[in-house]
Structures are given as C-alpha cells and as structure tokens.
2 protein chains.
Amino acid sequence: MPYAPLLNDTFLRACLGQATDHTPVWLMRQAGRYLPEYVATRAKAGSFMGLATNVDYATEVTLQPLARYPLDAAILFSDILTVPDAMGLGLSFEAGEGPRFARPVRDEAAVRALEVPDLDKLRYVFDAVASIRRALAGRVPLIGFSGSPWTLACYMVEGAGSSDYRQVKTMLYGRPDLMHHLLAINADAVAAYLNAQIDAGAQAVMVFDSWGGVLADGAFQEFSLAYTARVLAQLKRDGADGRPVPRIVFTKGGGPWLDAMRGLDCDVLGLDWTVNLGRARALVGEGVGGKALQGNIDPNVLFAPPARIEAEVARVLADFGTPHRDRATRGPTHIFNLGHGISQFTPPEHVAVLVDAVHRHSRALRG
Amino acid sequence: MPYAPLLNDTFLRACLGQATDHTPVWLMRQAGRYLPEYVATRAKAGSFMGLATNVDYATEVTLQPLARYPLDAAILFSDILTVPDAMGLGLSFEAGEGPRFARPVRDEAAVRALEVPDLDKLRYVFDAVASIRRALAGRVPLIGFSGSPWTLACYMVEGAGSSDYRQVKTMLYGRPDLMHHLLAINADAVAAYLNAQIDAGAQAVMVFDSWGGVLADGAFQEFSLAYTARVLAQLKRDGADGRPVPRIVFTKGGGPWLDAMRGLDCDVLGLDWTVNLGRARALVGEGVGGKALQGNIDPNVLFAPPARIEAEVARVLADFGTPHRDRATRGPTHIFNLGHGISQFTPPEHVAVLVDAVHRHSRALRG
C-alpha cells in the first residue's frame, strides 16, 4: 500500500534540523471542539471513544483543520489513554469530566496483573493511521502519538485527572518497586504501539509527557525521563517507505530539566510557554545532538485581538531567532506550536491569523 | 505593647543569611485540615471565613501545629484573598470547592472601580497578628503574608480557581492596559496590607505568587514579577521592635525565572519541588545579593513510610549542601519547607517524622 508522495515536507525537514523556507506550524489538539464541524461529527459518533474508534470519523476530524488552515502537519485523532484502555482498565469519557478508568491500578495485585496489551485491541488506531494517510494524499505528513509511560501511570493509578496526584505519588514514594514495574510495562507497550503506528504509516511520532512536570526534581529523572528513554530506545528509525521517522518528546512543565532531556535519543523537544525559546536553543538546540524545538505560544493568546496574536507570534519566532539556513548541513530549527492543547473556546478565525502570521513572519525572519 | 523576647531565632537568622545550628523548618498550610484539632475548631467557627475573621479562633489554629511539632516558625492563619474581599468582591468558600468571588472583575468598569481598600476592613487580620504574637510568647517568630498582585488578579478576574486561566489571560493579552491598572492597585494594596501586619507584629512577611507559574515567559516578568517588585519596594524594612523583617517571595512554578528573581529586593526565595536546590543555590543563593532558599520537598512524600520520608528529607538537605557556617558573615542558607501546601490527607504522625529528620540531619550536615 504505497502512499502518495509527500508534497509538503517542511515539518519533517525542520524535525531533522534541515533548513526550510518558513517555520512549519501545527497545533496540539488542532482537531477539536473549537471547530463546529468537529462538534457535528462527534455528535454523530455519540461519544469521544465512538469518534476515536471509528476509522471514518477519525479520518474526517483529523482532516478538518487542514481544510481551514494551511497547517504543515496532521496529527492522528486519538487519545493518549488508548494503551491502558487496551490493558483492560475500562476507559470512558463522562460529559464535561475528562477521562476515567473503571478499574484503576491501586494495589500490588493490580500492578502485577498488568501486561503489554495485545496490539490487536488497538487495531482501530492503526487502521485510522492508514485511512488518514490515504485521505491526506501526501498533502502534509501525519504524526502518530502516545502518552508517556509516566503520564499513563498517572491516569492508571488515579483513575482520572487529579489536582494533587496523591495516589500515584503515594505509590511512587511508598512502593517505588511497584511503580518501576508498572512503568516498565507501560514503556514496552508504548514502544510497541508507536512502532505499529509507524508500520501503518505515521511519518513522525510524539510522546506526550503531559504530567511529567508534576514530579519533583530527581523523581522526574527516575520515573518519567528514564521510561521515555526506554520507549525511544525501542522505536523504529524508519517508516515502511524507508524515510526517517522523527521522534518528538513533549513534557508539559519540563522546563527545569531541559539539560537532562538533551540526552534523550529523539529529534525534537516540545516546550510549554514558560520556557524562553532562545534560552532553550542555547541549552539543547545547538551543536552535535542538538534538538529541534517545538512550541510554545500560550493557547490563551488566541483569545486576544488579531494584531496582538500577530505580535505574540512574532515574539515567539524572535525568541527562537533565525533558524538554520544552510541546506547542506543540519542545525537549530523551530516548529511552531502552542505550548499546550488549543482551548475549546478558541475563535476559529483567530487560528487562521496565527497560522498566517507564523508563515509570513518566519519567511521575513529568514531575510 | 512590647512582646516577649524571641526564644528561637533560627528561622529569622536563616532568612537573613546568618549561620544557624540546624536548618529551620516550617510547613506551608501547617495549620490546616490534616490536624483533627483544626477540624474541630473550624466546626465551631462554622466556616473558613468564620475561622479567619475570629481573632481567638485564628490564634488557636495558628498555634495548633506548634503544640505537636518543634517547628521553627508560625504563620498567621488567614487566606491569600482577604485583600480583594476587602475591595468588595465578596469572598466565600463553598464546601469542597475552594474560594469564590460573588463579583468577579470582568470588564473595564469593574477594573476602573477598584481601589486600595480601607485597611480598617482588614483589622481582623492585624488583631489576629497581635493576638498570635501574645500567645506565642516569643516561642518562634510569626510570619505574615499576602497573595501576590498577579495571584490576586487571577482569582479576581476568574472569580474562582481555574484550570486554564482563560478569563484573566484574555484580559492580559487583549487589554494589557486594564491588567496593568488592576495589578498596580493590587500591588499598592498588598504593600499597605503587609506593612500593617508588620506594624501589628509580623516578624517576617511572605508573598505567595501561587499562580505566577501559569504565565508565559515574558508575561511572567511583565505581569507578575514587576508587581511583586512594586510591593517589595514599599515594604517596611524593620518592625516596631527595630529588628529587620525578612521578605520572602514564593512563586509556584517559578523555576524557569530564578535568574530574574535574583533582582528582587527580598531576602528569601521559596521554591517548589521541581527545582533542584543545589542548582538554585548556584543561580541565586551565592554572593552579593544572594537569597536564602526556602523549600522544597513534595508534600506527597508525607504519604510514604517514615524511613522513606527521612531519606527524602536527607536528599533535599544534601541537594542544598552545607549551609553558611561563619557567624561573623552572611552566606547561603536554607529554610526547610514543603514545595507547596500540606495535603489535608497527610497523617499527622508523618509530619513529626519530617520535622525531626530535618533537625537531626541538618545538624549532622554541619559536621
């Protein structure tokens, strides 16, 4: 099943430290509730998981933002919690409440019972990847993704979102042996899951460590970063077409540990809005082993008037500075994104302003 | 009204960079729901504000943790939102919901109507400070406090806690002129409020920038740090007894901006658990203008078994390293604390383990 040739490789080039004519841009959660057409499709699907598990619906909503905006990448429509759901924890989304597991992992017996799930239970995801690739017809590359081992563990132990992470940290501090066992299984499961997405056609993969930033210094390195590294070590380097598949790691609140992340075997580091891109570039973006940087405007900027959105875009681009421009070598590159997922309350016309501003200002920045 | 002489000045000395025999320790929210005696007093008071506005109850709960643990400081029992309440916004605490303002500040008219409140409306706080000083009888020093201008603004505009700070950031990005006006009033009100606490007998004051860490790089410096600096510039340097009153600034999530905080005219920086104390000491703790550091163990460590609590305490102390030991000069010092408020679910006997471990290990660390 060869897919159509890629027409816009700006995103993939920037991931790999290669020069581009403009700074590529995509938005975390770009297929989402701020789009009325998404809301309409979700209503047809009946529920979030109804949407995510139906190949046609998942394909439809993945492509919706591309019909509105000249984004430089598509991202698989799915959820970060599909893997623990396949482990049998019983994922559901209550209206207005976020995800919830029917069977959270709270004791030793529950941890010991965990296994890397049969990937066949996640076939709906790989089928969606293939369907989206066909529908994209080479327009932009498709990003696959998963939650990080630690972020999955947070939801698996808490059973839902949390304000204090008391249950999962009680296990971490009280029974670190159990937590390590759980994280090792998660890491192997995430690696197998991302490799199957690559086999199905994902052209880049991203690990979302959405809750890495709630950990203490020391605990982050031991319980989150080490298991992200374990995932990365198992990932396929190339897709079925023989092209390299860039690996992106995004840690919300990970600013304090950028230097430690430099050692990760990935191509791109995603950053939230607390991090200054110029400083991050100096720390982890330059030289041998330097990473491309992805981010990092505050999604709330999209509530401001267009002129202010444009000014903030220009500032984030200027913070990073002029990207690498020599086509013969590799160097520091930037992929524009939000610092976190787009808000459901975002005016869709403001997203057009942002995407246009990124393309226009980043061309100007290259002189 | 001269108060009794201070018997334990370990905390005040450490705040000022002076050598001490052990590392002083107190805990954010140490008078709180994890103590059954606190729950009993609150039940008598009927509500949180009933507790905070009654001088006898406020005195009683402030001293409760000192009866259990050899803590090195007391902190006024109050709330960070008393100032906007005195501005007329109508503070209440719904059961299990956190604070809520009846009249949030959402438009230009509401911002323009704000004024520095008549301090007489906050007399209950200053009366509590005086009452607590008398009840302490010099046992340990008393810390006064306020929310930071930005943190107050978050609650004033959102009207309650928030997961995305959409309202307050919409004003910040969309109407920065209004936000600056609001923050200037907050800063002047907070300064007057803290000065009145100092006049009443507070021996140190702390500014809680609980929500500084939700701001983007650049916005933090402009909308939070600058107004904390405006507060600090107006604070009295000495108490009625002529002793210096140390100024502490705590920014939850402020790790990315430690270097910018070095310029603050304060004595102590409070740190959350994401920050490595050794690195923070190297950045802001050494040399002329160096700050004492306060923090920063994860409150969830208190759910672990005693041996693990002790090991984590030893690790945090070791991260800071040996404090300044020359009694003739000033140098890097550490005040042990949590990285955020103590959880209501904390077993009280675990707090005893932590306080004892801090005292014991920090004596050993001094050789």
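Reader: Where in chain B does Tyr165(B) lie, and what is its phi?

Author: Helices (H or I, at least four residues) and strands (E, at least two) are DSSP runs, numbered from the N terminus, and Tyr165(B) lies in the loop between helix 8 (149–158) and helix 9 of chain B. Its phi is near 55 degrees, a positive value in a residue other than glycine. This is a predicted model, in which local features need pLDDT of at least 70 and side-chain atom pairs count only at pLDDT 80 or more, while totals for chains, interfaces and linings use all residues. Residues are numbered from 1 along each chain as its sequence is written, and chains are lettered from A and ligands numbered from 1 in the order in which they are written.

Reader: Is Tyr165(B) counted as buried, exposed or partly exposed?

Author: A residue is buried if 20 or more other C-beta atoms, placed from the backbone, lie within 10 Å of its own, exposed if 12 or fewer, and partly exposed in between. Tyr165(B) has 18 C-beta neighbours inside 10 Å and therefore counts as partly exposed. Arg29(B), found in the loop between helix 1 (10–15) and helix 2 (36–45) of chain B, has a positive phi near 65 degrees, and it is partly exposed, with 18 other C-beta atoms within 10 Å.

Reader: Which peptide bond of chain A is cis?

Author: The bond from Gly295(A) to Asn296(A) is cis, with omega near -5 degrees, and Asn296(A) is found in strand 8 of chain A. In chain B, the bond from Gly295(B) to Asn296(B) is cis, with omega near 0 degrees.

Reader: In what order do the strands of the open sheet of chain A stand?

Author: Two strands pair if DSSP finds at least two bridges between them. The seven strands have the order 1-4-5-6-7-8-9, with parallel pairing. Strand 1 (74–75) and strand 9 (334–338) of chain A each have a single partner strand, so one side of each is left without a neighbour in the sheet. Strand 7 (residues 268–270) of chain A is joined to strand 8 (residues 292–297) of chain A by three bridges, and Leu269(A) has Leu293(A) as its bridge partner in strand 8.

Reader: Which residues of helix 13 of chain A are buried, and why are they on the same side?

Author: In helix 13 (residues 277–285) of chain A, the buried residues are Leu277(A), Ala280(A), Arg281(A), Val284(A) and Gly285(A). Because they cover an arc (that of the directions from the helix axis to the C-beta atoms) of only 105 degrees, they are on the same side of helix 13 of chain A. They pack against helix 12 (258–261), strand 7, strand 8 and helix 14 (306–320) of chain A, where contact requires C-beta atoms, placed from the backbone, within 7 Å.

Reader: How should I read the packing of helix 2 with helix 4 in chain A?

Author: Two packed helices are described by the angle between their axes and the distance between the axes. Axes are lines fitted to C-alpha atoms, for helices over the stretch in contact, and angles run from 0 to 180 degrees between N-to-C directions. Helix 2 (residues 36–45) and helix 4 (residues 55–68) of chain A pack at about 170 degrees, with their axes 10 Å apart. That makes helix 2 of chain A roughly antiparallel (over 145 degrees) to helix 4 of chain A. Among the residues that make the contact are Tyr38(A) of helix 2 and Val61(A) of helix 4.

How values were computed. Contact = placed C-beta atoms within 7 Å. Parallel < 35°, antiparallel > 145°, perpendicular 65-115°, else oblique.
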